[in-house]
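Student: I should like to learn how to read the features of a structural model in an orderly way. May we work through one case together?

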Amino acid sequence: MLPDIEKLLELQIADKEIRRLQDEVAALPRRVAVIEQKLAGTKAHLEKVRAAAKNDDANRKKFEANIKDLQGKISKYRDQSLDVKTNEQYKALLHEIQFAEQEVRLNEDRILEVMVNVDARDKEVKAAEAELKAEMAEIEKEKEEARRVTAEDQKKLSEWNGKRDGLRHGISEDVLRQYERVAKFRGTGLAEVREQKCMGCQVMLRPQTYNEVRNGATVMACESCQRIYYFNPANEVKPEQEVVTVTGRKRARPKADAPQAWFYRPDYGEEGEVLLVFTNNGGSSTRRVYEMHTGRQVGGVLEREGAYRLAFPEDLTESALRLNGHWDEKEIDEWGAEIPSNSLDLLHKDLLAIRREHKVGKHAAPPAAQSAAQ
Ligand SMILES: [Zn+2]
């Protein structure tokens, strides 16, 4: 592969990660804003129920004052009734008293109505207060989280930007210009050529162009989508590589672009034979190492930036054999310090199948050809 193309592939990873981080940083304040809006709604609701409770209270006081006034009047009428001279006057006063008493009862009923309401109102206010408190705590947590993630992202961004600048300097000017121009309009500036097809736009290449791309002597771009071509021989399935095992069943081949890859290494320093598993997680990747025979984990989980092929080049030696196997990283975490025996058996069986292929298959590829390059 041309050095320019190799660097472009790395640049593409950096560009993608930078974009992802920028999007994440931009999304965080929006998330906080949504919660703040909800919080404003809860505050308004609380104010409303508090105002209603206050209104009830004022009404109760008003009714109580009315009653006091009326009782004052009643006792005044009673005093006056002692001094009346005529039956007519007495009757009139009695009428006034009866009317005032009726008014007192009316006000008492109203007070009762308000009192019945008080319990429900209290509950409403308390519930709204609790909701507000919970939401305020939530928003503080969200803000704190947003601040933390933003700071982390900014740090990662500056690292990636540095990496990106370094890569850009190493690439020929016109190649870089082409890549960035196409990436701006199409999202990606590179396209893999596989089985004589541009994987960017699915257009078939002319045989001569295809051969030139495979030879990798010059940088070439797709005539149809303008993306710069790259060719990865590991992704090309050659008929002579499809080996049949003793049992007549073909061994399934792990996918080159799978997000997780298991490898066997016979020569892993002091450990000797080990199994390695790499998992890509967006912009970073992890590595776990296990003893080949016991399945016991050696050391901890190592995480690095970039896809595993770029992040752990020192592990992917000529002697590394790619195995079939995929488990959720969560599940692997749950394994703890040891690969469960049924999973370990599967990996061992696959290794056996590879070895059998090499022994039996006439056209079998040498270990190196189907190892780390795959
Ligand atoms: Zn194309």
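Student: In what sense do strand E5 and strand E6 pair, and over how many bridges?

Tutor: This is a predicted model. Strand E5 (residues 272–281) and strand E6 (residues 284–291) pair in the antiparallel sense, over 8 bridges. Within this pair, leucine 275 stands opposite tyrosine 290 in E6.

Student: In which order do the strands of the open sheet with 5 strands follow one another?

Tutor: The order is E7-E6-E5-E4-E8, and the pairing is antiparallel. At the edges stand strand E7 (297–305) and strand E8 (321–323); each has a single partner strand, so one side of each lacks a neighbour in the sheet. From one strand to the next, the twist averages 25°.

Student: How many bridges join E6 and E7, and how many residues lie between the two strands?

Tutor: E6 and E7 pair in the antiparallel sense over 6 bridges. Arginine 287 has leucine 302 in E7 as its bridge partner. The two strands form a hairpin with 5 residues between them, and glycine 295 in the turn has a positive phi of about 75°.

Student: Which residues does valine 298 contact, leaving aside its neighbours within four places in sequence?

Tutor: Valine 298 lies in strand E7. With those neighbours left aside, valine 298 is in contact with Glu271, Val289, Tyr290 and Glu291. For tryptophan 262, the model gives a separation: its C-alpha atom and that of valine 298 are 15 Å apart, while the two residues are 36 residues apart along the chain.

Student: What order and what pairing does the open sheet of 3 strands have?

Tutor: That sheet has the order E2-E1-E3, with mixed pairing. Strand E2 (197–198) and E3 stand at its edges, and each has a single partner strand, so one side of each is left without a neighbour in the sheet. E1 and E3 run parallel and are joined by 3 bridges.

Student: What is the volume of the largest pocket, and which residues lie nearest its centre?

Tutor: The volume of the largest pocket is about 1,400 Å³. Its lining has 41 residues, of which Leu9, Ile13, Tyr230, Ala307 and Arg309 lie nearest the centre. Two or more lining residues come from each of helix H1 (3–83), strand E1 (190–194) and helix H5 (308–311). H1 gives the most, with 8 residues. By class, the lining of the largest pocket divides into 20 nonpolar, 10 polar and 11 charged residues.

Student: How many cavities of 30 Å³ or more are there, and what lines the largest cavity?

Tutor: The count is 1 cavity of 30 Å³ or more. About 50 Å³ of space lies in the largest cavity. Its lining consists of Gln12, Asp15, Lys16, Arg19, Tyr179, Gly187, Thr188 and Gly189. H1 provides the largest share of this lining, with 4 residues. The lining of the largest cavity divides into 1 nonpolar, 4 polar and 3 charged residues.

Student: Where is confidence lowest and where is it highest among the elements of the protein chain?

Tutor: Where pLDDT is low, the predicted coordinates should not be read in detail. The protein chain averages a pLDDT of 88, and 93% of the residues score at least 70. Confidence is lowest in helix H7 (residues 341–360), with a mean of 84, and highest in strand E3 (residues 228–230), at 96. Over residues 239–247 the pLDDT is below 50, and this stretch has 17 contacts in the model beyond near neighbours in sequence. Residues 362–374 also stay under 50 in pLDDT; the model has 34 contacts for them beyond four places in sequence.

Terms used
Residues numbered from 1 in each chain as written. Predicted model: local features only at pLDDT ≥ 70, side-chain atom pairs only at ≥ 80, totals over all residues. Heavy atoms only, no water. 1 Å grid on protein atoms, 1.4 Å probe; cavity = no way out; pocket = protein on both sides within 12 Å on 5 of 7 lines; lining within 4 Å. Points joined across faces, edges and corners; volume = space filled by probe spheres on them. Nonpolar A, V, L, I, M, F, W, Y, C, P; charged D, E, K, R; others polar. Pairing = 2+ DSSP bridges. Axes fitted to C-alpha atoms, helices over the stretch in contact; angles between N-to-C directions. pLDDT = per-residue confidence, 0-100. Contact = heavy atoms within 4.5 Å.
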